[in-house]
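Open your viewer and get ready to click along. We will visit the ligand and then the place where the chains meet.

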Amino acid sequence: MNLPKVQFTEEQKQFRQEVRSFLKQHIEKGTFETRCDSWLSGSNPDFSKIVAEQGWIGMTWPKQYGGKERSTLDRYILTEEFLAFGAPVAAHWFADRQTGPLLLRFGTEYQKEFFLPKIIKGECFFAIGLSEPNSGSDLASVTTRAEKVEGGWIVNGAKTWSSNAQDSHYMVTLIRTEPLGEKKHEGLSQFIIDLKGEGVTITPIRYLTGEPHFNDVFFDNVFVPDEMVVGTLGNGWKQGLAELAFERSGPERILSTFPLLNEAIEQLKKKRDYAGLEEAMKLVAELWSLRNLSIGVAKVLEEGGEVNIPAALVKSIGTKFEQKIPEIVRLLLDVYPDLQSEKEIERYLAESILHAPGFTIRGGTSEVLYGILAKGVIAQ
Amino acid sequence: MSEIKEMVAEVVEKVLKHKVEKETVDLLEENLWAENVWQLLLENELHNVAVSEEEGGAGGDIEDLLELYGLIGKYAAPVPFIEHTLANYLLKQIDIKGYEQLTTYSITAPLQLKEDALFGTLKHVPWAKYAEKIVALAQEGSQQFIVVADLENAVLKNGTNLAAEPRSEVVFENMKALQKVPITAKQYMSLSKLVTAASVSKMNGALTTVFQLSVQFSKEREQFGRPIHRFQLVQQHLANMAGEQTLMTVATNNVQTLLGDGQEGLEVAYTRLRMDDASRAVATAAHQVHAAIGVTHEHRLHQFTRRLWAWRDEEFTARYWKQQLAKQMLESKMDLWESITEQNEAHVHA
Ligand SMILES: Cc1cc2nc3c(=O)[nH]c(=O)nc-3n(C[C@H](O)[C@H](O)[C@H](O)COP(=O)(O)OP(=O)(O)OC[C@H]3O[C@@H](n4cnc5c(N)ncnc54)[C@H](O)[C@@H]3O)c2cc1C
């Protein structure tokens, strides 16, 4: 496998500087506090609104919907800086990362005009409705179903593990629109469901730390108008696969625990600990090489290329790396992991340890990704 | 295994199995703890295991006590059993009678002793929030002491470890030492081994439960029309966990027996060092096998994995023992094989 190499232009470097000083300012002002894994567990609608005011949500999308038509690499830089500073961007993350691109590719004109400007303004957040209690890795076995009625569909069933559904307005939901037949990948469709609508119940599921994070979402005779079917009826599986490329290859699959690595290196420098720094530099080398891959995929995506296999690769090895950071750091520094600590390093370590198990599960488990990867290289 | 050990372990296992449920462990997160379980343990005289019968104890030895610590870990029992009994056992080593009132200990870093007054700060002291007495390490000049102090008048900053177990920063500002006994470096080493044997015992208990939960889950959870243990990558996780769990159980059992026999080698250090890797490997694999359900608060898994993550960075850590072992190796005249078999020519002839 190979991926394009990318060098950033002067303008892009300048843009990175702009984002960085924006984030530093907001940390100083106390708008937010750096946290590990904040892209998924740090939902802060007020901060998302501020980001929107900068023109940084949907920044690559067409101007006619309020976008800025910036490049994928600009967006890459933006998200990287959010991650490096552990900014709470979870509220708008899914809409910016995958719902927008999904609608641009498969959505109707009505859907684009209705949703994209709202997303761009930071007023409309999306959750992802794929998993069900009995359908995790075997996603195609979902049983949430819809029956045709006049002008739309009646949906019944339940989704689970929906991150941030509590703060979201809509959910792109994978639904069975034809009875389960021989081929379970067929007869699935993607619906946009209004989470504030009648018949929808959202109940929080507490993460192991006790924090609210993901949710059960129940549908009891929920009416979904025809206009809210995304793309082609029955084509939900294929459309969903296209989304996964965006979902799996981004810098959030490498940098969830970056604030910890950064702080650890600061501490080792302060202590002038050569041996410790030498070990830490191995992590830095790994980070650099993983980053090349992730940026390479972003480039291919921009050019409309096929990236399912390299995206699975980035996610499987990138998440292993983010999981490794706390395990190495705790050996290099005498740090006591403590969520309530005043010391950043102790807090970051605790956050990283407690959130790490999810890295290699969410967005497809590593085991499932290995299967995709192996099939991919064999088919080549 | 002594008869008493078997009997006592049976009683404790019964109490914990029936009384410590998921919600019982959760009490810690609401700033409560399982006082009823504690009462049951007291009623059954279990806090007096390894206290001789002449002293009003229940008999048994440190091996028996360590076995119980394994059960505390296995059930994540939210009681200060280890803290109290071990504090008293440490005192027994220096010929001081144990306390009835709830006692804890912290001997990883020294306080300063000036005449009879104690100064300094102890961090992450277990259960100090509830304890009345503390057994601590203190230093005056180059002499080390084991001291006892009242926690009543100490300044506490209460917090928790990663598993929501109570941990406090305790500030000693001119506090009276109720007891002070000078100890040698050799004695300190043997006390630190006792404390470490307690940690590896409870860690092995938790690790065993993590493994068992995973095996169980892999039989119950189905995807793609079959139980997930049928997938080879899941099998690999199960096999790796089985290896780690067996390694650690046998090591822990060895350590417990050796301490019971009054032998103090480097085995505790090896076990603690290896436990660092085992706890990481098992916690990671278990979460991977459980996938999403395992990272929810509702599921029990985290009550044990969070304990492993917390305990591995407390007390005498792997880092500490790594340094001790390196030091021993540097100073030893034996080569590696002689040191592992603890036998060289000089020894045999002597
Ligand atoms: C923090 C977090 C956030 C999430 N957010 C969302 C969200 O917003 N929306 C959403 O829809 N979902 C979300 N998920 C759910 C996630 O997509 C699923 O957890 C994941 O797909 C795995 O499904 P499962 O948990 O049911 O595990 P299972 O599929 O039951 O897997 C259990 C174990 O079996 C293994 N396994 C299963 N099948 C195979 C196989 N064929 N070969 C080898 N091994 C196999 C798995 O790898 C795993 O180790 C989230 C999960 C987490 C942890």
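Start by selecting L130(A): one of its backbone N or O atoms lies 3.0 Å from an oxygen atom of the ligand. That is a polar contact, meaning a pair of N or O atoms within 3.5 Å; within protein, one must be able to donate a hydrogen and the other to accept it, and residues adjacent in sequence count only if both atoms are side-chain atoms.

Before you go on, a word on the model: it is predicted, so local features need pLDDT of at least 70 and side-chain atom pairs count only at pLDDT 80 or more, while totals for chains, interfaces and linings use all residues. Residues are numbered from 1 along each chain as its sequence is written, chains are lettered from A and ligands numbered from 1 in the order in which they are written, and side-chain values use heavy atoms, with hydrogens and water left out.

Next, select S163(A), where an N or O atom of the side chain is 2.8 Å from a nitrogen atom of the ligand. Then pick T365(A), with a polar side-chain atom 2.7 Å from an oxygen atom of the ligand. Of the 970 Å² of accessible area that the ligand has on its own, the protein covers 91% (Shrake-Rupley method, 1.4 Å probe; for residues, only the protein chains shown count as cover).

Zoom out to the contact between the chains, defined by heavy atoms within 4.5 Å. Chain B brings 32 residues and chain A brings 39. How much area is buried between chain B and chain A? About 3,100 Å², with carbon and sulfur atoms giving 54%; buried area is the accessible area (1.4 Å probe) that two parts lose on being put together, summed over both.

Finish on α8(B), which gives the most to the side of chain B that touches chain A, with five residues.

Terms used:
Helices (H or I, at least four residues) and strands (E, at least two) are DSSP runs, numbered from the N terminus.
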